[in-house]
Amino acid sequence: MKTIGHILEKEFIQIRRNRVMLPMMIVMPIVQLLILVHAATFEMKHIRMHILDLDKSGISRQIINKFKGSPFYEIINFTASDADAENDLLNNNADVILKIPSDFEKKLALENKAKVQIIINAINATTAGLINAYTSSILADYNKNLIAEWTNAPALLKSISIRTTYSFWYNPELNYSNFMVPGILVLLVTMIGVIMSSMNIVREKEIGTIEQINVTPIKKYQFIIGKLLPFWIIALFELGFGLFLGKILFNIPIVGNLGLLFAFASVYLLAILGIGLFISSVNNTQQQAMFISWFFMVIFILMSGLFTPVESMPQWAQYINIINPVAYFIEVTRMILLKGSGLADIKKHFVSIAVYAVIIINLAVFKYRKTN
Amino acid sequence: MENVPVIHVENMTKKFGDFTANDKLTFEVFKGEIFGFLGANGAGKTTAMKILCGLSSPTSGTIRVAGYDAYTQTEMIKKHIGYMSQKFSLYEDLTIVENINFYAGIYGLKKTEIKEKTQNLLTKLQLWDEKDKLIKSLPLGWKQKLAFSVAVFHEPGIVFLDEPTSGVDPITRRQFWEMIYEAAYHGITVFVTTHYMDEAEYCDRVSIMVDGRIEAMDTPSELKKKYQAETMNDVFTKLARKQNN
């Protein structure tokens with residue numbers, strides 16, 4: 001016990017003295033929260049629309065007014081030339097072209113149906129899908145009113161068949177930061193756990209002090225605990241600091257029990273530090289450790305559901321998430337913070353991550369003992 | 001010098017696959033002795049030293065270090081030896097005092113004891129005014145002297161020195177050897193490897209390894225007589241050449 005105390009004392013002096021580590025630990029959560037939460041948003045605002053009105057009729061003007069009235073659209077150009085519209089799309093001045101063909105109104109009156117064309121820049125498929133959905137629903141809405149008007153019946157009666165109303169639970173205002181902040185916090189905790197811990201251990205190999213440590217009476221388990229415990233403490237501190245920032249900067253809801261969140265984080269970190277230890281035992285330089293850490297981090301983070309919903313991934317990708325600890329923690333963090341889930345709701349996650357931690361730590365310790 | 005063997009090695013063999021790094025080494029080192037362990041690069045010195053320090057286990061043979069068995073009691077061996085590696089082993093980003101506190105603490109020394117001994121040591125080395133300076137700000141010679149002092153701080157029975165003076169200027173090397181003599185005078189057995197043949201002359205006894213075997217072992221003067229050589233350098237060259245022919 002005393003030996004571990006001596007190692008911890010040394011580690012904390014070294015961390016305190018490191019010119020990069022300490023400032024980074026304060027700056028990282030602030031920057032990540034401020035930049036990522038605002039930038040990595042999928043909210044659609046300011047869809048730039050080019051309107052190609054070849055009809056110039058009463059109906060076409062009504063349709064255009066619908067888009068003008070919507071907070072999501074910004075009419076950037078208004079022409080009657082196909083070439084102009086196409087140019088706007090090519091030069092990335094417009095996201096979508098709405099083309100109303102000539103004789104639109106006439107055709108509608110005579111045949112009771114007419115077509116408009118929507119051309120969307122689909123370089124970003126996610127955005128394109130959303131634009132398509134928004135635009136179509138505005139048109140459909142207008143169409144419904146038109147039918148009601150033309151058949152001379154009260155609008156409500158005619159469209160009574162099925163009406164969809166929305167109520168968004170757990171995040172009623174569809175506030176994107178409420179969704180992002182918990183995810184970013186997970187990112188933060190994970191980065192400290194994997195990258196910093198693995199680099200720290202490998203550093204001793206790189207500068208050669210590990211050889212000296214190995215001839216002292218320090219036991220392997222004492223060294224491992226002494227090396228990993230500081231990062232366990234720091235990561236939990238960072239989680240608290242990040243939550244505090246999220247509360248004052250974004251006023252994120254904290255519906256559930258924070259104690260439960262920290263309890264889960266404590267176990268989660270064991271798994272993450274285990275991964276860090278494993279990486280450090282198969283690498284000899286900080287450069288290698290950094291590279292391998294990034295390899296895993298990128299896969300874990302992109303697969304985790306931080307940016308894109310796991311549910312929309314293909315089945316095989318969802319299976320990969322079974323061994324992705326980040327996915328568990330992101331889900332649990334959102335559940336506890338936004339939904340107020342209790343222990344019973346996250347029991348399955350808790351057991352899974354605990355089993356994960358036990359397996360990975362044993363594997364890492366085994367590997368570490370063999371190689372050093 | 002008392003005739004108590006603190007290192008007892010009999011037929012020590014270490015194999016890595018088909019390669020035999022140490023071939024039936026047999027020797028004894030006595031209490032308070034300065035034992036020079038010489039050999040060309042790749043002769044198997046480091047392998048042997050690692051086994052004696054409990055870092056690596058031998059393939060066969062009987063090995064006792066400080067009275068403990070090298071197969072089963074490596075933890076006890078580690079408690080009773082000091083070690084200074086070829087690679088610099090103090091923490092560059094800790095101060096002199098922090099390094100001493102860390103290593104002495106690991107060996108279980110008490111706080112008050114550490115404090116007192118630190119003061120004596122640093123005063124003797126004339127480093128007391130630098131005690132709160134980071135190791136990385138010190139010149140190499142000082143670092144090496146400090147590393148040695150830290151290795152014997154807990155007063156081990158044996159200290160293993162792996163090429164402790166490589167890259168150090170002649171004056172500092174001289175001072176370094178004075179420290180080694182002092183340690184030996186206080187009863188610490190010194191087991192040292194070196195490539196400087198003038199340093200071999202300072203040893204009480206010397207063994208010379210060639211290709212995994214001990215080719216010669218005696219006092220420097222006896223060795224010179226036996227090989228009809230002027231200096232240890234000539235002895236070493238003759239032995240190495242004999243092997244090559």
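1. Let me start with one glycine. B:Gly105 sits within helix α3 of chain B, which covers residues 96-106. Is B:Gly105 buried or exposed? It counts as buried, because B:Gly105 has 20 C-beta neighbours inside 10 Å, and the cut-off for a buried residue is 20 or more. Please keep in mind throughout that this is a predicted model.

2. B:Gly105 and B:Ile171 are 66 residues apart along the chain, and their C-alpha atoms lie 32 Å from each other.

3. Next, another helix of chain B. Helix α1 of chain B runs over residues 45-52 and is mostly covered, with eight of its eight residues buried. After α1(B) comes B:Gly54, and its phi is positive, near 80°.

4. Chain B also holds an open sheet that you can trace by eye. Four strands of chain B make up this sheet in the order β2-β1-β4-β5, and the pairing is antiparallel. Which strands of chain B are at the edges? They are β2 (19-30) and β5 (68-69), each of which pairs on one side only. As a reminder, strands of a sheet pair through backbone hydrogen bonds, either parallel or antiparallel.

5. Look at the β5 end of that sheet. Strand β4 of chain B, residues 60-65, pairs with β5(B) over two bridges in the antiparallel sense. Here B:Val65 has B:Tyr68 of β5(B) standing opposite.

6. A hairpin of chain B is worth a look too. Strand β9 of chain B (residues 205-210) and strand β10 of chain B (residues 213-218) run antiparallel and are joined by five bridges. Across this pairing, B:Val206 faces B:Asp218 in β10(B). How many residues lie between β9(B) and β10(B) in the hairpin? There are two, and B:Asp211 in the turn has a positive phi of about 50°.

7. Now for chain A as a whole. Its secondary structure amounts to 15 helices and four strands. The C-alpha trace of chain A spans about 95 × 45 × 40 Å along its principal axes. The radius of gyration of chain A is 28 Å, whereas a compact globule of 372 residues would come near 21 Å.

8. Chain A is split into domain 1, made of 18-40 + 176-371, and domain 2, made of 47-158. Taken over C-alpha atoms, the centres of domain 1 of chain A and domain 2 of chain A are 47 Å apart.

9. Two percentages describe the packing of chain A. Of its 372 residues, 32% are buried. Among the contacts in chain A with a separation of 6 or more, 79% come from residues 24 or more positions apart.

10. Finally, the place where the chains meet. Here 15 residues of chain A are in contact with 19 residues of chain B. On the side of chain A that touches chain B, α1 (2-17) and α9 (209-215) of chain A each supply at least two residues. Which element gives the most to that side of chain A? It is α1(A), with six residues. By class, the side of chain A that touches chain B has eight polar, four nonpolar and three charged residues.

Note on methods:
Residues numbered from 1 in each chain as written. Chains lettered and ligands numbered in written order. Predicted model: local features only at pLDDT ≥ 70, side-chain atom pairs only at ≥ 80, totals over all residues. Pairing = 2+ DSSP bridges. Contact = placed C-beta atoms within 7 Å. Nonpolar A, V, L, I, M, F, W, Y, C, P; charged D, E, K, R; others polar. Domains from an automatic or database assignment. Buried ≥ 20, exposed ≤ 12 C-beta atoms within 10 Å, placed from the backbone. Rg over C-alpha atoms; globule rule 2.2 N^0.38 Å.
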